[in-house]
Amino acid sequence: MDSEYDVIVVGAGPTGMTSAMFTGRSRLKTLLIERMIPGGQIATTSTVENFPGFPNGIEGPDLSEAMLEHAKKWGATTTFTEVTGVRVEGDYRVVETSDGELRARAVIITSGADHVRLGVPGEMEYMGKGVSNCAVCDGAFFADSPVAVIGGGDGAIDEGLYLTRYASKVTVVHRRDSLRASKILAERALANPVMDFRWNSVVDAINGDGVVNSMTLRDLNTGEVSNLDVEGVFIYIGLAPNTDYLTGLINLDPGGHILVTPRMETNVTGIFAAGDIRQKAARQLVSAAGDGAAAALAVRDYLKQMAG
Amino acid sequence: MAKPVEVTEQSFDQAVLKSLEPVLVDFWAPWCAPCRHLAPIVEELSGEYDGKVTFTKLNVDEAPSIAARYGIMSIPTVMLFKGGQAVKQIVGLRPKKDFKGSLDEVLAK
């Protein structure tokens with residue numbers, strides 16, 4: 001693998017894959033770096049129903065495979081490694097990885113956001129032994145078993161509905177008294193006979209004996225503590241931006257999101273950021289892809305300007 | 001690049017437990033799309049550890065008794081075997097360096 005590029009894109013989610021497709025088409029030598037697997041959040045999403053052009057929905061992993069193929073078609077190369085830092089060295093932006101350093105004239109940060117942990121006893125102990133963040137990976141292991149989904153947003157409800165294909169019962173545990181998920185998903189969930197709801201409730205512990213067998217729940221209104229028998233616990237309580245490796249270089253908001261201009265520029269010249277990692281209102285697949293395109297075009301103009 | 005070898009209920013003991021080299025087993029299933037996405041990473045690793053570690057994959061739908069024997073409740077799960085013993089288990093999607101770290105640890109022992 002070469003160590004010098006025109007553009008390095010950090011993170012192969014929908015934003016990064018779109019950026020790489022656009023910079024590839026601008027004939028910029030592009031490297032797309034991924035820490036785990038390509039696709040970001042859609043890699044583990046069952047069906048995407050809100051991406052324009054797919055009225056019948058498309059499987060998240062299928063769409064992410066197509067996006068990666070699309071980026072590669074126009075010349076982007078990919079590598080699997082973890083980015084540990086980014087620094088400025090004259091005209092170069094140096095990307096530090098666990099496999100060594102790479103240099104580029106511009107960097108687009110698209111490392112997105114990861115699932116937030118509950119932080120309760122049993123969560124880490126039973127990860128892979130009943131606790132999961134990936135319904136499409138693990139749902140089939142819970143055929144005819146009771147499971148719970150924690151959270152009330154789109155992620156929780158979408159994956160909860162997916163789990164009804166397998167589980168005998170899917171209990172949604174949500175700390176509010178109504179779902180935050182989009183109306184269409186909420187309606188479907190509330191009408192589904194396999195789904196049950198524990199409103200105003202939080203998880204105090206995940207219990208088991210080698211594998212998960214129950215959860216301790218607490219009602220926020222009454223303070224009442226109860227036990228719910230479940231074999232699977234799927235956690236979708238929110239996402240936090242992956243910006244740890246940028247601290248000290250890139251300006252972040254208090255929530256850890258990157259502050260950018262409308263042209264996706266960060267406070268450091270030559271470093272751009274786009275997608276779920278930046279401060280913005282809409283966190284949707286289509287806006288993630290749109291962000292990726294905007295950042296790529298800004299990079300193209302920036303490099304043209306640099307070349308004089 | 002050497003591709004991981006598919007092992008079955010019948011071949012598991014011979015190919016994994018009786019192997020002289022350490023063996024990596026990638027537990028997967030065709031319905032698990034994220035598992036498919038892990039495959040290129042495992043293939044890269046199989047090239048990097050060629051001659052030191054045997055790379056295999058096991059379809060949990062076709063080998064349920066082996067998946068049950070090792071308590072697989074989440075895929076992808078990657079397990080490392082040495083001398084017939086399961087010595088490492090890596091659950092879920094993880095950075096490539098985590099897999100390398102475990103492989104290096106098992107090789108160093």
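Let's start with two helices. H1(A) and helix H2, residues 60-73 of chain A, pack at an angle of about 25°. Their axes are 7 Å apart. Angles under 35 degrees count as roughly parallel, so H1(A) and H2(A) are roughly parallel to each other. And the handedness? H1(A) passes H2(A) in a left-handed crossing.

Who touches whom here? On the H1(A) side, the contact uses A:Pro14, A:Met17, A:Thr18, A:Ala20, A:Met21 and A:Gly24. H2(A) answers with A:Met67, A:Leu68, A:His70 and A:Ala71. By class, that contact has seven nonpolar residues, three polar and no charged.

A word of caution before I go on. This is a predicted model.

Stay with H1(A), which covers residues 14-25. It has another partner, helix H6, residues 285-307 of chain A. This pair packs at about 35°, with axes 7 Å apart. Which way do H1(A) and H6(A) cross, left-handed or right-handed? The crossing is right-handed.

From H1(A), the residues in this contact include A:Pro14, A:Thr18 and A:Phe22. From H6(A), they include A:Leu285, A:Ala289, A:Leu297 and A:Arg300. The classes here are 10 nonpolar, six polar and two charged.

Now step back to the whole chain. Chain A is divided into two domains. Domain 1 is built from two stretches, 4-114 and 239-307. Domain 2 is 131-235. How far apart are the C-alpha centres of domain 1 and domain 2 of chain A? They lie 32 Å apart.

Next stop, helix H4 of chain A, residues 154-163. This helix is mostly covered: nine of its 10 residues are buried. Among them are A:Asp154, A:Ile157, A:Glu159, A:Gly160 and A:Leu163. What does the covering? On the helix side, the list includes H3 (135-138) and H5 (183-191) of chain A.

Zoom in on one residue of H4(A), A:Gly160. Why is A:Gly160 called buried? The cut-off is 20 or more other C-beta atoms within 10 Å. A:Gly160 has 30, so it is buried. Leave aside its neighbours within four places in sequence. A:Gly160 is then in contact with A:Val149, A:Val170, A:Val172, A:Ala189 and A:Met195. Look also at A:Thr171, 11 residues away along the chain. Its C-alpha atom is separated from that of A:Gly160 by 8.3 Å.

Back to helix pairs. The axes of H4(A) and H5(A) come within 10 Å and cross at roughly 45°. That makes H4(A) oblique to H5(A). The crossing of H4(A) past H5(A) is left-handed. H4(A) brings A:Asp154, A:Ile157, A:Asp158, A:Gly160 and A:Leu161. H5(A) brings A:Leu185, A:Ala186, A:Arg188 and A:Ala189. This contact counts five nonpolar residues, one polar and three charged.

Last topic: the two chains together. Their contact takes 21 residues from chain B and 25 residues from chain A. On the chain B side, helix H2 (33-48) and helix H4 (96-108) each supply at least two residues. Which element of chain B gives the largest share? H2(B) does, with eight residues. By class, the chain B side has 12 nonpolar, four polar and five charged residues.

That's my tour. Thanks.

Conventions:
Residues numbered from 1 in each chain as written. Chains lettered and ligands numbered in written order. Predicted model: local features only at pLDDT ≥ 70, side-chain atom pairs only at ≥ 80, totals over all residues. Axes fitted to C-alpha atoms, helices over the stretch in contact; angles between N-to-C directions. Helix = DSSP H or I, 4+ residues; strand = E, 2+ residues; numbered from the N terminus. Left-handed = near helix turned anticlockwise from the far one by under 90°. Contact = placed C-beta atoms within 7 Å. Nonpolar A, V, L, I, M, F, W, Y, C, P; charged D, E, K, R; others polar. Buried ≥ 20, exposed ≤ 12 C-beta atoms within 10 Å, placed from the backbone. Domains from an automatic or database assignment. Parallel < 35°, antiparallel > 145°, perpendicular 65-115°, else oblique.
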